Amino acid sequence: MVNVVFNAISRIVLGITDSVVHALTVGYILVWDNGLILLNTLSWSKRKGSLIPPGHVGHGGNWPAYIPPGEGDSRCACPALNAMANHGILPRDGRNIPFTELNRATRATYNFSPSFCFYVPLYMAGVLGRSYHNGTLDLEDISVHNGIEHDASLFRHDTYLAENGDQSKPCPDLVDGFFKIVKGDKVTVDDLAKYSEIRRASSRRDNGQFTLSTFHKLFASSNCATLIRIMGGDIPALKAWLYEERLIDGFESATRKPWGLTMGSFQTTVLRIEAGIRAVPSEDSGLGDLGSTYGQAGVSETSALLGGESARKRVPQVNGE
Ligand code: HEM
């Protein structure tokens, strides 16, 4: 009996300690990120061609050879990470990647801030219940549903709608739909907002197991924001990246500040994207708040881009109804 009580108390204490350490870590990362915003404000942007120093992978936009994934290679829902594996910047088989290496390589390739490059793999390690400092992942682990990966992504079908739930490959039909929206010679924030609205509406309609929390909506808009702040809206670079998960020769991050793209600075783009998504209250909530709204795009608008009015896929009924 004493043992049982002792075990219960020690688990509660560990749980509380874990939450406190997590809150302190997030607080520390936010202070760090704000410090980097200040340093970036006081620094010049690096010149084109000099973002990656000589002797480092990608200097002058020269990337290691692109080789598409082969049988048994591990890939995920993130085009940025898959492209790194396809160029051998991360292990080409996408397996046994230390979280610390994900941090280093993401920063070196895309010029994200050290705060973002620490936070996202740390968060992923938490989702997977592994140690950030000693743990590893296979890229496919990143696609754990409703970890960071969520429904209504721009470039992947929802886990429930995709064949075997596969999130590892580009979906050319969805990338086609996106480029039909783009009317100018660069991808804009408005294009990303418009397509997010369409994808939220079409997933909501077609996926009988659709979920999209406010947290995941903000993650979705963050991905859109990183796309445009890093790839810079350049259409040829984005087409190679989204269809083939390839970096074009000469690619360099559009963020040229020495401390990279900070989490704080891309929130302005996140807000512009969320503000550009027209939304109506969900029919089943009536609350009308941000967490209960979905894209307002109608069936004709979504099917014009994504081809046909697909019937909603529902969970099969056990009684055969
Ligand atoms: C350590 C680093 C990273 C992790 C763990 C990560 C994780 C993920 C995950 C889980 C998704 C799927 C989200 C969804 O369901 O739509 C995703 C998608 C995405 N990520 Fe990453 N990512 C990382 C780095 C990056 C970087 C550096 C960029 C930009 C250069 C980026 C841009 C994107 C984009 C554009 C998508 C596609 C979103 C969509 O289809 O709607 N990610 N990432």
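This is a predicted model: local features need pLDDT of at least 70, side-chain atom pairs count only at pLDDT 80 or more; totals for chains, interfaces and linings use all residues.
Step back into the helix itself. Helix α4 covers residues 114-128. Its 15 residues, at 1.5 Å a residue, should span 21 Å.

Next, look at the buried side of the story. The buried residues of α4 are Ser-115, Phe-116, Cys-117, Phe-118, Tyr-119, Val-120, Pro-121, Met-124 and Ala-125.

Now widen the view to the whole protein chain. It holds ten helices and four strands. Along the sequence, their order reads α-α-β-α-α-β-α-α-α-α-α-β-β-α. The chain has 321 residues, and 38% of them count as buried. Take the contacts with a separation of 6 or more: 69% of them join residues 24 or more positions apart.

Finally, turn to the largest nonpolar core. This core has 55 residues, and Leu-81 and Ile-142 touch the most other members. Helix α4 supplies at least two residues of this core. So do α2 (79-86), α3, α6 (189-206), α7 (214-231), α8 (235-244) and α9.

Leu-81 deserves a look of its own. Set aside its neighbours within four places in sequence. Leu-81 is then in contact with Cys-76, Leu-90, Leu-139 and Ile-142.

Key:
Residues are numbered from 1 along each chain as its sequence is written. The expected span of a helix is 1.5 Å times one less than its number of residues. A residue is buried if 20 or more other C-beta atoms lie within 10 Å of its own, exposed if 12 or fewer, and partly exposed in between; C-beta atoms are placed from the backbone. Two residues are in contact if their C-beta atoms, placed from the backbone, lie within 7 Å. A nonpolar core is a set of buried Ala, Val, Leu, Ile, Met, Phe, Trp, Tyr and Cys residues joined through C-beta atoms within 7 Å.
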